[in-house]
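Biologist: Please take me through this model one question at a time, with every cut-off spelled out as it comes up.

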Amino acid sequence: RIFFSMSTQQNIQCLVDMGFPRARAEQAIKINGYVDAAISWLTTHPEGWDQPKSFSDGPSSGGHSLGGGPYSLGDSASGAGQLGNPNRFDSPIVEEEKEPAKPKMTDEEREAAVKRLQLEVAKRKAEEEVQREKDRIRAELTRIDNARANVEQAERFEEMRRNREALEAKKDKERKEQEKAAVKALYEQRKAQVEAEYKAAQGIKEEVVVVTKDFDEVTLQIRLPPPANRLICKFKPTDTLQDVYNQVKAESGINYDFKFRVPPSTVYTSADLSLTLKDAKLVPRGALIVEK
């Protein structure tokens with residue numbers, strides 16, 4: 001259909017521009033609704049088809065009168081009671097201005113005008129189709145960009161998760177190695193003390209063992225009172241028990257005086273804090289228990 005989106009007045013004006021009279025154009029649009037059907041109707045129905053008679057044509061037989069003359073209610077000779085008498089109104093009658101008649105279009109001109117309208121409608125449809133395709137492509141590109149951003153964000157989250165798990169695994173491994181070393185140090189210390197006690201009980205003179213290897217680091221595992229857990233600290237062999245005492249107090253937050261006990265029964269009090277770790281036989285590693 002041509003100009004399916006045009007208003008009724010625009011359709012009428014289109015027919016008037018083609019050369020049809022306005023009254024005929026209004027009647028055709030009223031009956032058919034759109035231009036191309038109205039043109040077909042105008043070409044197949046001659047002018048005056050089914051036209052209602054106007055009041056200016058005069059009364060029909062038995063119509064528009066209740067007396068002797070047109071539009072009268074009473075005696076036509078006297079003129080009393082006439083409804084159609086313009087002299088009974090004070091305002092003058094204003095005649096409707098008629099538009100100048102336009103030359104009628106030939107069949108070839110009408111057909112050319114229809115073709116132009118059809119081409120214009122086809123052009124508008126093509127432009128709308130192109131715009132819809134552009135909108136679809138723009139929406140698809142937006143969807144792809146959003147999907148790409150979501151994938152990149154998911155990859156970043158996954159990388160952060162892997163890094164966090166790797167760091168936790170590394171810390172867990174280091175903690176296990178430290179605990180293993182501390183247990184081994186306790187075992188070696190306990191073994192040496194048991195052997196010394198056994199030799200003392202048997203009356204065997206303990207031979208002095210000369211350490212030929214010099215260690216430059218001491219690892220101490222220090223067990224704290226509850227609810228604290230433990231500390232693993234590193235010192236030099238020449239550091240004293242006073243240095244260990246000060247570091248334990250600083251890191252654990254203990255606010256009272258305490259002593260060190262080396263399992264199973266060796267105890268170092270405040271009077272022994274001047275001993276070096278080497279003299280206390282805590283090289284290269286040892287274990288201390290903090291007691292109040």
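Biologist: How many bridges join E1 to E5?

Modeller: This is a predicted model, in which local features need pLDDT of at least 70 and side-chain atom pairs count only at pLDDT 80 or more, whereas totals for chains, interfaces and linings use all residues. Residues are numbered from 1 along each chain as its sequence is written, and side-chain values use heavy atoms, with hydrogens and water left out. Helices (H or I, at least four residues) and strands (E, at least two) are DSSP runs numbered from the N terminus, and two strands pair if DSSP finds at least two bridges between them. E1 and E5 run parallel, and the number of bridges that join them is five.

Biologist: What is the average twist from one strand to the next?

Modeller: The sheet is open and mixed in its pairing, with five strands in the order E2-E1-E5-E3-E4. E2 and E4 are the edge strands, since each pairs on one side only. With axes as lines fitted to C-alpha atoms (for helices over the stretch in contact) and angles running from 0 to 180 degrees between N-to-C directions, the twist from one strand to the next averages 30°.

Biologist: Which residue in E5 is the bridge partner of Arg261?

Modeller: E3 and E5 run antiparallel and are joined by three bridges, and Lys259 stands opposite Glu291 of E5. Arg223 stands opposite Ile289, and the bridge partner of Arg261 in E5 is likewise Ile289.

Biologist: How many of the seven residues of E5 are buried?

Modeller: Buried means under 20% relative accessible area, exposed over 50% and partly exposed in between, with a 1.4 Å probe and protein chains only. E5 is largely enclosed by the rest of the structure, because its count of buried residues, out of seven, is five.

Biologist: How far apart are the end C-alpha atoms of helix H5?

Modeller: The expected span of a helix is 1.5 Å times one less than its number of residues. For the twelve residues of H5 (residues 241-252) this gives 16 Å, and the expectation agrees with the distance between the end C-alpha atoms, which is 16 Å.

Biologist: Is Thr240 buried or exposed?

Modeller: Thr240 is found in the loop between E2 and H5. Neighbours within four places in sequence aside, Thr240 is in contact with Leu273, Ser274, Leu275, Thr276 and Leu277. Its relative accessibility is 18%, so Thr240 counts as buried.

Biologist: Which residues does a cis peptide bond join?

Modeller: Most residues other than glycine have a negative phi, and most peptide bonds are trans. In the loop between E4 and E5, which holds Pro284, there is a bond with omega of about 0°. This cis bond joins Val283 and Pro284.

Biologist: What is the phi of Lys281?

Modeller: Lys281 lies in the loop between E4 and E5, and it counts as exposed because its relative accessibility is 70%. Lys281 is a residue other than glycine with a positive phi, and that phi is near 60°.

Methods. Contact means heavy atoms within 4.5 Å.
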